[in-house]
Amino acid sequence: MLKLQVLGGASQQLSCLHTSISLDAKHWERNNRKVYPPQLPEEPRRPAEVYHSRRQIKYSKDKMWYLAKMIRGMSIDEAIAQLEFNDKKGAKIMREVLLEAQEMAVKNHNVEYKSNLYVAESFSGKGQYLKRIRYHGRGMFGIMDKVYCHYFVKLVEGVPPKPEKRTGFDQAKEYVQGLKNRTIIHSL
Amino acid sequence: MMNLSALVHSLRCSLLRIESRLLQISGLDSQLAPALAVNGPSLLPQIEQDPQQDEEQDPEQTPGLLDSILWMAAPKKRRTIEVNRTRRRAERKLIKVKTNIEPCPECGHLKQKHILCGFCYAKICKETGLIRQQIKEMEGGPLTAPPVETVVLYEGETPSEQDGGKRIVERPRKRPAWFRN
């Protein structure tokens, strides 16, 4: 009896380690499974978050970064519109990812209006490369990388936050204030 | 200028080969293969060591020609990732946000202001494809098009007075709303 209980306890502890080998166990997607404790009535409503990604896209991570940078902070409708009329190869793939994420948000993550989302985080990462040989003259060769990238996006419910505009004057004021705050410690 | 530089390059290479063979014979040879590229069957001489050997061992016989080679542009230091990032992420290299996107009044899909709506255009292309197929069936072969105008009529339509001498293409469906007479 005791042995079985111990075994049951051990398996429960072990299950919180990454034991699954499936593709679903990747870090970014696991964020979707996070469950918060129920909110108290006086707390402000926590906005819904959706994490989505696509792996092993046949595109360069540096080129994908430019598109990811463009849509950071945009509302989802604006982002989809911009990507629709962009001529880059990654734009089409990114648009599909955003539409999938929007659908997921409405179906699984309790988002009421599909337009009430904005892109909180969006970035690209390096995928697993394939290596090939590129022949040069005089019997030399180089190793050519067939590049792949991943794309990650996080959508949050609500109106996109306005980016704070810091003018040069504000930065100068802060710098001068920092200089003024200097003092001698442990003085009389 | 290209021919001159190629000639100079071939002269340099032949000089290098002679030197390397002399070195190998004398036993003073210690060469390593370049780090990035791998050679074929034989070790080929390096071109970086060339200016030093040239100056030390072979006094310049043709100063005018060989002087210009030592000038080759090469990076002095590795560009740091900070320098690379500031160049790659400069404002002019980022993608500009388009402000000329608006919804199409006909179908509601998005379109650019100066370009036809993609959805509406595709719909029209599809219908014209079917009309062309009909015409192909009517003609039955290449180079048999009659030298008259064509008019397309849908279900329940009769040719009007203007369409007197024209060729009639019948489409067995209702007239689409966007195809006005």
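A: A:Gln56 counts as partly exposed because its relative accessibility is 35% (buried is under 20% relative accessible area, exposed over 50%, partly exposed in between, with a 1.4 Å probe and protein chains only). This is a predicted model, in which local features need pLDDT of at least 70 and side-chain atom pairs count only at pLDDT 80 or more, while totals for chains, interfaces and linings use all residues. Residues are numbered from 1 along each chain as its sequence is written, chains are lettered from A and ligands numbered from 1 in the order in which they are written, and side-chain values use heavy atoms, with hydrogens and water left out.

A:Gln56 sits in strand 1 of chain A, residues 49-57 (helices, H or I with at least four residues, and strands, E with at least two, are DSSP runs numbered from the N terminus). Although A:Gln56 is not a glycine, its phi is positive, about 55°. A:Arg138 also is not a glycine and has a positive phi of about 55°. The place of A:Arg138 is the loop between strand 3 (130-135) and strand 4 (141-146) of chain A. A:Arg138 is exposed because its relative accessible area is 51%.

Next comes chain B. Its five helices and four strands follow the order α-α-α-α-β-β-α-β-β from the N terminus on. Of its 181 residues, 19% count as buried.

The loop between helix 4 and strand 1 of chain B holds B:Ile95. B:Ile95 touches A:Tyr66, A:Leu67, A:Met70, A:Asn86 and A:Lys88, leaving aside residues up to four places away in sequence (contact means heavy atoms within 4.5 Å). From B:Ser14, B:Ile95 is 81 residues away in sequence and 50 Å away in space, C-alpha to C-alpha.

B:Arg92 is in the loop between helix 4 (81-88) and strand 1 (101-103) of chain B. With 62% relative accessibility, B:Arg92 therefore counts as exposed. B:Arg92 belongs to a positive surface patch, together with A:Lys69, A:Arg72, B:Arg79, B:Arg85, B:Arg88, B:Arg89 and B:Lys93. Patches are made of residues with over 30% relative accessible area and no salt bridge, joining like charges within 9 Å and nonpolar side chains (Val, Leu, Ile, Met, Phe, Trp, Tyr) within 5 Å. A salt bridge is a side-chain nitrogen of Lys or Arg within 4 Å of a carboxyl oxygen of Asp or Glu.

Terms used: Accessible areas come from the Shrake-Rupley method with a 1.4 Å probe; for residues, only the protein chains shown count as cover. Lys and Arg count as positive and Asp and Glu as negative; His and the chain ends are not counted. The place of a charge is taken as NZ of Lys, CZ of Arg, CG of Asp or CD of Glu.
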